[in-house]
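Please keep the sequence and the 3D view open as you read.

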Amino acid sequence: MREVIERAKEGDQEAKLYIINKFMPLIYKTSMNVYVSGYMEEDLRQIAIVSVLKAIEKYKIDSPTGFASYVKAAIMNNFKYLIRGKARENYVKSLNET
């Protein structure tokens, strides 16, 4: 897997696609268990896929954290960030209404 990650970091599209497909079960499971107002399941899957691509770029090959753990944390953190943003948006709207 290390070689695939290195190739993906260098821009190999096939390697990126391989990694995305490898994590697709996690992407589906996570997107089905998260609810964000105004987002459909497909939208959440796309956000998770973008999270995987960002994780590929930011992951340090020599990191003691495994890549799978890093990807899972990246997906969950991006979903939490999205949820916090929606909560903040709802809070601001309620303060501005008269």
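Two residues are in contact here when they have heavy atoms within 4.5 Å of each other. This is a predicted model, in which local features need pLDDT of at least 70 and side-chain atom pairs count only at pLDDT 80 or more, while totals for chains, interfaces and linings use all residues. Residues are numbered from 1 along each chain as its sequence is written, and side-chain values use heavy atoms, with hydrogens and water left out.

**Overall make-up**

- The protein has five helices and zero strands; helices (H or I, at least four residues) and strands (E, at least two) are DSSP runs, numbered from the N terminus.
- Read from the N terminus, the order of elements is α-α-α-α-α.
- Of the 98 residues in the protein, 32% are buried, where buried means under 20% relative accessible area, exposed means over 50%, and partly exposed lies in between (1.4 Å probe, protein chains only).
- Among contacts with a separation of 6 or more, 57% are between residues 24 or more positions apart.

**The nonpolar core**

- A nonpolar core is a set of buried Ala, Val, Leu, Ile, Met, Phe, Trp, Tyr and Cys residues joined through side-chain atoms within 4.5 Å.
- The largest such core holds 25 residues, and the members that touch the most others are I19, I27, V52, F67, V71 and I75.
- At least two residues of this core come from each of α1 (2-9), α2 (13-22), α3 (24-32), α4 (41-58) and α5 (67-96).
- Which residues does V52 contact, leaving aside its neighbours within four places in sequence? They are I19, I20, I27, V71 and I75.

- Axes are lines fitted to C-alpha atoms, for helices over the stretch in contact, and angles run from 0 to 180 degrees between N-to-C directions.
- Angles under 35 degrees count as roughly parallel, over 145 as roughly antiparallel, 65 to 115 as roughly perpendicular and the rest as oblique.
- With α1, the angle is about 125° and the axes are 7 Å apart, so α1 and α2 are oblique to each other.
- α1 passes α2 in a left-handed crossing; a crossing is left-handed if the near helix is turned anticlockwise from the far one by less than a right angle, and right-handed if clockwise.
- On the α1 side V4, I5, R7 and A8 take part, and they meet A15, K16, Y18 and I19 of α2.
- The contact of α1 with α2 has six nonpolar, no polar and two charged residues; Ala, Val, Leu, Ile, Met, Phe, Trp, Tyr, Cys and Pro count as nonpolar, Asp, Glu, Lys and Arg as charged, and the others, Gly among them, as polar.
- With α3, the angle is about 50° and the axes are 4 Å apart, which makes α2 oblique to α3.
- I20, N21 and K22 of α2 make that contact with M24, P25 and I27 of α3, and these residues divide into four nonpolar, one polar and one charged.
- With α4, the angle is about 125° and the axes are 10 Å apart, which makes α2 oblique to α4.
- α2 passes α4 in a right-handed crossing.
- K16, I19 and I20 of α2 meet I49, V52, L53 and I56 of α4, a set with six nonpolar, no polar and one charged residue.

**Individual residues to look up**

- A55 sits in helix α4 and counts as buried, because its relative accessibility is 3%.
- Leaving aside neighbours within four places in sequence, A55 is in contact with F67, Y70, V71 and A74.
- A55 and K72 are 17 residues apart in sequence, and their C-alpha atoms are 9.3 Å apart.
- L82, in helix α5, is buried because its relative accessible area is 16%.
- Beyond neighbours within four places in sequence, L82 is in contact with V36, Y39, L44 and I47.
- E42 lies in helix α4 and is partly exposed, because its relative accessible area is 37%.
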